[in-house]
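Subject: Handing over the structure

Dear colleague,

I am passing on the structure that I have been looking through, and my notes follow below it. Please keep it open beside the text as you read.

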Amino acid sequence: MSQYAFLLDLGRCIGCQACVASCKVGNELGEGQQYIELIEKTHGEFPNLTGGWDNHRCFHCGDAACVTVCPTGALFKEDGLTRLDRDICSGCSYCTEACPYDIPVMWEGKSSKCDGCAETVRAGGTPWCVGTCPSMALEYGPREEIRAEAHRRAEALRGRYPNAQVYGETQAGGLGLLVVMPDDPELLDIPIDPKVPFMADAWQKVVQPASVGITIGAAVVAGAAAVIARRRHEEELEVLEAEGVISGHADGGEEEEGQ
Amino acid sequence: MTTQKQALGDREVLRYRKRPRIVHAILASSFLILLLTGLVILWPALSFLAPGGTTRWLHRVAAVGFMSVPIVYLIADREGAKELMVDSFKYDRDDWRWIKRFWSYAFGHTANMPKQGRLNAGQKMHHALVMLLSAAIVASGLALWFFTPSLGATGHAWAVVIHDLSMLALTLLLVGHLYFTFVYKALSGMTRGYVDKDEARLEHAKWLEELEQEAAEGAAEEDKQTV
């Protein structure tokens, strides 16, 4: 399976909101629903300000916490990207709690997040944000090519921005969104080491399938065993009745109320 | 002769009075609603039922019912609640011997089982586990209900796992509960309140002996008064 990825070059992002708009229109998102949000981040005091546009969108984690905690499989990995099938989302909102980047939100009772334009890409198209970006800050392609391009761009930036770097090669199992950053990620409040919740793996991989399986298995086994055990108990009652240990009116005795 | 049925009849014994039966019905119905409305967020085949928020609302209403059980029990039947609480955590020598032979009893053999009181050792363990697991599920459920924003990702994951594991264990206990109800024909104890006297003699010999002794003493007392 080939791995795809987005390139987000914050050195080129001009904060024009074109990606936000095209994503919303192209994916026919509902009222109040959006997958990309541009947030202006500034640090320090005038005139020594640093910061820029945080292009807040799904990072498509390799080890995605949202996928791990999703009990229905509505969130899943495909081609290195994190897809969302809203049809089977139960709206438990576990993903909104688990995501280290605060990406998924609940919209109309179900999870809502960038799915890498799954439908558009399957039909041979380019993700809407990438196709619309006027400053070439967004690219999409095989992850290795995107990674090489990201390093070329970071290298080129380093003349003016010595801290220029590529974010996302190792975080959360390697991201499907590689970000070229002119400066450290903290300046945009992006965690250097995103924390995947402890126990998240145990939840989906062990507890949930085990719960349903064990319960159904136990009910089936207990049902069959109960029939056998009840027969043995009735045999025992007959023997004890014959021996005179009990009076032996168990048969049919239950419906004799009111006599 | 009174028209009211005797607590210790010829064929049947009163096992549960009306009030504990009502408490049990609240517990059983709220548990089943909680199980089904909880399952819809885990089971992909049922997940389409969840997003409207109706099942969440039902889950919370049933949760209040479930949490009210110990309070309702104490109000309705203070002595019974206390007795259940104490008995469930008190095991005598016969209880331990009974536990060793549990599998024989599970397969329908009462012969050679040590004599048991009103609660057999299996019921004691069942009740004790239900109480402990209910505490865990209520604590984790309240955390998820009211404190999700402040739990953090790890705290939330812990609460979910505790909630699910305790529900798994409680559901397995329910399977066992229904199993023994069926094998030893005990359902009438919770519907009409009476159980078969033969079954009581085989499975709760000490309890029945106590009842018979009490009845004999009562009769002797009555005789004395009439003389």
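Helices are taken here as DSSP runs of H or I with at least four residues, numbered from the N terminus. With that in mind, just after helix α1 of chain A, E28(A) takes a positive phi of about 50 degrees. Please remember throughout that this is a predicted model.

Staying with α1(A), which covers residues 18–26, its buried residues are C19(A), V20(A) and C23(A). Viewed down the helix axis, these buried residues fall within an arc of 105 degrees, so they line one face of α1(A). An α-helix has 3.6 residues a turn, so residues three or four places apart point the same way. As for what lies against them, the buried residues of α1(A) pack against β2 (37–43), α5 (128–132) and β8 (138–142) of chain A.

Turning to chain B, its secondary structure comes to ten helices and two strands, and along the sequence these follow the pattern β-α-α-α-α-α-α-α-α-β-α-α. The C-alpha trace of chain B spans about 75 × 40 × 30 Å along its principal axes, and 28% of its 227 residues count as buried. Among the contacts in chain B with a separation of 6 or more, 65% are between residues 24 or more positions apart.

Within chain B, helix α6 (residues 121–146) and helix α7 (residues 148–183) pack with their axes 8 Å apart, at an angle of about 150 degrees. Because angles over 145 degrees count as roughly antiparallel, α6(B) is described as roughly antiparallel to α7(B). The crossing of α6(B) past α7(B) is left-handed, and the residues of this contact divide into 15 nonpolar, eight polar and no charged.

One residue of α6(B) to look at is L142(B), which counts as partly exposed because it has 13 C-beta neighbours inside 10 Å. L142(B) and A63(B) are 79 residues apart in sequence, yet their C-alpha atoms are 9.3 Å apart in space.

Finally, there is the place where the two chains touch, in which 46 residues of chain A are in contact with 43 residues of chain B. On the chain A side, the elements that give two or more residues are α3 (94–98) and α7 (200–243) of chain A, and the largest share, 19 residues, comes from α7(A). By class, that side of chain A has 25 nonpolar, 13 polar and eight charged residues.

With best wishes

How values were computed:
Residues are numbered from 1 along each chain as its sequence is written. Chains are lettered from A and ligands numbered from 1 in the order in which they are written. This is a predicted model: local features need pLDDT of at least 70, side-chain atom pairs count only at pLDDT 80 or more; totals for chains, interfaces and linings use all residues. Two residues are in contact if their C-beta atoms, placed from the backbone, lie within 7 Å. Ala, Val, Leu, Ile, Met, Phe, Trp, Tyr, Cys and Pro count as nonpolar, Asp, Glu, Lys and Arg as charged, and the others, Gly among them, as polar. Axes are lines fitted to C-alpha atoms, for helices over the stretch in contact, and angles run from 0 to 180 degrees between N-to-C directions. Angles under 35 degrees count as roughly parallel, over 145 as roughly antiparallel, 65 to 115 as roughly perpendicular and the rest as oblique. A crossing is left-handed if the near helix is turned anticlockwise from the far one by less than a right angle, and right-handed if clockwise. A residue is buried if 20 or more other C-beta atoms lie within 10 Å of its own, exposed if 12 or fewer, and partly exposed in between; C-beta atoms are placed from the backbone. The arc is that of the directions from the helix axis to the C-beta atoms.
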